[in-house]
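Here are a few notes to read alongside the model. Take them one at a time, and find each residue on screen as you go.

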Amino acid sequence: MTEINDLATVEGVRAYISGTPFDSVDVSRLSGGLGNFTYRLSLRTPYNGHTTVILKHGKPYVPGMEDMAFSLERQVYEVTALRQIRATLPPAQRKAPSADELATMLLVFPRAENKDVHAVATTSIRYGSDPLGDLSAGPACRVHGDKGEIQIFPPLYRPTKTRLILRDGTIEDREWPQPGPGKGSGWFNGFGDGIQPEGEGQGMFWEADEAAYALVEGRKESPLLTWEESVLIMEVMDEVRKQGGLRFPEKIETTDFPVAL
């Protein structure tokens with residue numbers, strides 16, 4: 001039986017905030033993150049001008065893996081870091097940027113002969129690309145070209161399925177099993193609301209394997225994701241922040257090293 005104030009459940013959160021300024025018409029568990037139970041509360045009455053807030057609750061274990069201890073002392077470091085960052089901001093900037101809620105980007109990649117490539121990217125902390133968790137919502141990304149399109153199914157950070165559709169009628173589906181030690185290993189990985197099937201990871205095995213190969217082969221970068229590509233990604237992210245009016249204190253923004261903190 002679920003305890004009335006067990007903040008590891010939506011029902012427990014509803015009971016906990018009932019009758020408080022944070023009483024909500026909706027409580028939604030957020031799927032991102034590994035170490036805590038995180039919810040978005042849609043408030044019945046705005047609080048300090050906010051209609052929604054985030055509630056984060058920690059347990060002395062990893063969510064979905066009760067036998068894996070995870071000290072609550074971690075919360076002290078997180079709260080301290082957030083307070084110190086907030087203290088460095090001018091009063092006018094001490095509020096959450098709108099990009100935390102929802103952002104849309106129109107990207108233009110110049111090509112020869114005026115054949116620019118356009119991309120539309122969106123990000124949201126409230127809405128997911130696979131709300132039911134069964135891929136029924138369709139692809140999260142479509143890449144269009146002269147000969148057809150490529151569909152990439154969620155989650156985008158570790159796609160489980162792709163579909164190639166060509167103008168000549170060709171349709172090719174590919175499944176992408178998640179790497180890991182496999183069945184019979186006795187290894188389980190917790191994420192979101194539950195635990196992955198036995199021996200299945202979250203995609204980071206690919207990165208770990210590539211890093212190991214690079215060390216063995218004496219490489220300083222991967223041909224799959226070069227330094228140049230990494231810099232380009234960061235430049236795009238910086239430009240999105242710039243156009244959105246989000247700027248951190250100079251000690252965070254600076255590219256100088258070392259930095260006197």
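This is a predicted model: local features need pLDDT of at least 70, side-chain atom pairs count only at pLDDT 80 or more; totals for chains, interfaces and linings use all residues.

1. Next, the aromatic pairs: a search of the whole structure finds two. In one, the ring centres of Phe-22 and Tyr-47 are 4.6 Å apart and the planes are at 45°, so this pair is tilted. It links distant parts of the chain, with Phe-22 in the loop between H1 and strand E1 and Tyr-47 in strand E2, 25 residues apart. Phe-22 is partly exposed at 29%, and Tyr-47 is partly exposed at 34%.

2. Trp-187 and Phe-205 make an edge-to-face pair, 5.8 Å centre to centre with 90° between the planes. Trp-187 is in the loop between strands E11 and E12, while Phe-205 belongs to helix H3, 18 residues apart.

3. Now look at Thr-9, in the segment before helix H1. Is Thr-9 buried or exposed? Thr-9 has a relative accessible area of 19%, so it counts as buried, the cut-off being under 20%. A polar atom of its side chain lies 2.9 Å from the backbone nitrogen of Gly-12.

4. Finally, the second largest pocket holds about 390 Å³ of space. Its lining includes Tyr-157, Arg-158 and Trp-206. By class, the lining has five nonpolar, three polar and three charged residues.

How values were computed
Residues are numbered from 1 along each chain as its sequence is written. Side-chain values use heavy atoms; hydrogens and water are left out. On a 1 Å grid over the protein atoms alone, a cavity is a set of points where a 1.4 Å probe fits but cannot get out, and a pocket is an open set with protein on both sides within 12 Å along at least five of seven lines; lining residues have an atom within 4 Å of a point. Grid points are joined across faces, edges and corners, and a volume is the space filled by probe spheres set on the points. Ala, Val, Leu, Ile, Met, Phe, Trp, Tyr, Cys and Pro count as nonpolar, Asp, Glu, Lys and Arg as charged, and the others, Gly among them, as polar. Helices (H or I, at least four residues) and strands (E, at least two) are DSSP runs, numbered from the N terminus. Buried means under 20% relative accessible area, exposed over 50%, partly exposed in between (1.4 Å probe, protein chains only). A polar contact is a pair of N or O atoms within 3.5 Å; within protein, one must be able to donate a hydrogen and the other to accept it, and residues adjacent in sequence count only if both atoms are side-chain atoms. Rings of Phe, Tyr and Trp (its six-membered ring) pair if their centres lie within 6.5 Å; planes under 30 degrees apart count as stacked, over 60 as edge-to-face and the rest as tilted.
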